[in-house]
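Here are my notes for you on this one. Have the viewer open while you read, and click on each residue as it comes up.

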Amino acid sequence: MTQQTMQGKTLFISGGTRGIGKAIVYEFASKGCDVAFTYASSADVANEIIADIESKFGVKSRAYKLNILEPETYKDVYKLFDEDFEKLDFFISNAIISGRAVVGGFAPFMRLKPKGLGNIYTATVEAFVVGAQEAVKRMEKAGGGSIISMSSTGNLVYTPNYAGHGTNKAAVETMVRYAAAELGEKNIRVNAVSGGPIDTDALKAFPNYEEVKAEVVRRSPLSRMGEATDLSGACSFLCSDAASWLTGQTIVIDGGTTFQ
Ligand SMILES: NC(=O)c1ccc[n+]([C@@H]2O[C@H](COP(=O)([O-])OP(=O)(O)OC[C@H]3O[C@@H](n4cnc5c(N)ncnc54)[C@H](OP(=O)(O)O)[C@@H]3O)[C@@H](O)[C@H]2O)c1
C-alpha cells in the first residue's frame with residue numbers, strides 16, 4: 001500500500017462521522033490531506049473529529065450537514081465547501097441511510113415496497129451522481145482527480161433483508177463504470193470499493209447481526225469480521241499516483257468471504 005504524502009490535496013467525503021467514512025477521514029488526514037466531510041445529525045461528533053484531526057495531523061477540516069435523500073442539496077453544500085477550500089482532488093460517496101428511511105427497502109423480498117426501495121436508490125445512486133457531478137466541476141480546475149463510490153458485496157452474495165441495498169450497490173457500480181468512461185478525458189478516475197460485512201453501526205442495526213457476524217467469521221479464510229479501517233487503505237491507494245491507470249473498476253475487500 002502506498003505511503004506517499006497527500007499534502008496539498010483535498011478530500012470531500014459524505015458521511016464522515018461514523019464507521020467506514022470516519023476511518024477514511026482519519027486515513028487521509030494522517031497522510032496530510034485536508035478533509036471536508038458531511039454528517040446527517042451528528043454535528044457534535046463532526047466537530048470533535050475536526051478538532052482531533054486538525055490538532056493531530058495539522059490538516060484543515062470542515063464538516064457540512066447533508067441529507068442524501070435530497071441529492072440536489074449537494075449543490076448548496078458544495079457552495080459552502082467553496083468558501084472554505086480552494087480546490088478539490090478526491091470525492092468519496094460513502095453516506096448511507098438506515099432506520100425509518102429504509103422501511104420497505106431493507107426487508108425480505110415479499111415485504112419490499114417501492115417507497116423504501118426508492119429511498120435507497122436516491123441515497124445510493126442519485127446522491128453519488130449529484131455529488132460526483134459537483135466534484136467534477138471542481139476537479140477540472142485542479143487538472144484531474146479521483147472519485148470513489150463505496151459499495152458492498154451484498155450485490156454478489158445473498159444477505160438476508162439486503163435486496164434493496166444489494167440491488168442499488170450493483171446499480172452504483174454500473175454508474176461508476178459509465179462515469180469512468182466519460183470522465184477519463186478530464187483526467188478523472190472513477191472506481192468503487194466494495195466491502196464484505198464490516199463491523200459498524202450500520203451492520204449492528206441488522207436484526208440478525210450476531211448471526212451475520214458468526215457466518216462472516218466462518219466464511220472468511222482470515223477468520224474475522226471486517227473492520228472499518230479495512231476499506232480505507234484501498235481508498236487512499238485509489239487516490240494515489242500508484243493507481244494512475246486504474247479506472248472503472250470495483251475493488252472487492254471481503255476477507256475472502258465472497259468465494260466461500
Ligand atoms: N457496514 C458494512 O458492513 C458495509 C460493508 C460494505 C460497504 N459498506 C458501505 O460503506 C458505506 C458506509 O457504511 P457504514 O457502515 O460506515 O455506515 P454508518 O456507520 O451507518 O454511517 C453512516 C454515515 O452516513 C451518514 N448518514 C446517515 N443518514 C444520512 C442521510 N440521510 N444523509 C446524509 N448522511 C447520512 C451518517 O451521519 P450521522 O452520523 O450524522 O448520522 C454517517 O456518517 C455505505 O455506503 C455502506 O453501504 C458498509
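The points below go from the whole chain down to single residues.

1. Before anything else: this is a predicted model, where local features need pLDDT of at least 70 and side-chain atom pairs count only at pLDDT 80 or more, while totals for chains, interfaces and linings use all residues. Residues are numbered from 1 along each chain as its sequence is written.

2. Start with the overall picture. The chain has eight helices and seven strands; these are DSSP runs numbered from the N terminus, with helices being H or I of at least four residues and strands E of at least two. The radius of gyration is 17 Å, close to the 18 Å from the globule rule for 260 residues, so the chain is as compact as a globular protein of that length. (That radius is taken over C-alpha atoms, and the rule is 2.2 Å times the number of residues to the power 0.38.) Along the principal axes, the C-alpha atoms fill a box of roughly 50 × 40 × 40 Å.

3. How much of the chain is buried? Buried residues are 49% of the 260. Here a residue is buried if 20 or more other C-beta atoms lie within 10 Å of its own, exposed if 12 or fewer, and partly exposed in between, with C-beta atoms placed from the backbone.

4. Now find helix α8 (residues 229-238). Seven of its 10 residues are buried, so α8 is largely enclosed by the rest of the structure. Those seven are Asp-230, Leu-231, Ser-232, Ala-234, Cys-235, Ser-236 and Leu-238. They pack against α1, β4 (90-93), β5, β6 and β7 (250-253); contact means that C-beta atoms, placed from the backbone, lie within 7 Å.

5. Look at α1 against α8. The axes of α1 (residues 19-30) and α8 come within 8 Å and cross at roughly 50 degrees. Axes are lines fitted to C-alpha atoms, for helices over the stretch in contact, and angles run from 0 to 180 degrees between N-to-C directions. The two helices are therefore oblique to each other (under 35 degrees is roughly parallel, over 145 roughly antiparallel, 65 to 115 roughly perpendicular, and the rest oblique). On the α1 side, Ile-20, Ala-23, Ile-24, Glu-27 and Phe-28 meet Thr-229, Leu-231, Ser-232, Gly-233, Cys-235 and Ser-236 of α8.

6. Another helix pair worth a look is α3 (residues 74-84) and α4 (residues 114-142), whose axes come within 10 Å and cross at roughly 35 degrees. Tyr-74, Lys-75 and Tyr-78 of α3 touch Val-130, Gly-131 and Glu-134 of α4.

7. Two asparagines deserve a click. Most residues other than glycine have a negative phi. Asn-161, though, has a positive phi of about 70 degrees, and Asn-187 has one of about 65 degrees. Are they buried or partly exposed? Asn-161, in the loop between β5 (145-152) and α5 (163-183), counts as buried because it has 20 C-beta neighbours inside 10 Å. Asn-187, in the loop between α5 and β6 (188-195), is partly exposed, with 14.

8. Finish at Thr-200, in the loop between β6 and α6 (201-204). Thr-200 is partly exposed, with 19 other C-beta atoms within 10 Å. Leaving aside residues up to four places away in sequence, Thr-200 touches Arg-18, Gly-19, Ile-20 and Ala-228.

Methods. Contact = placed C-beta atoms within 7 Å.
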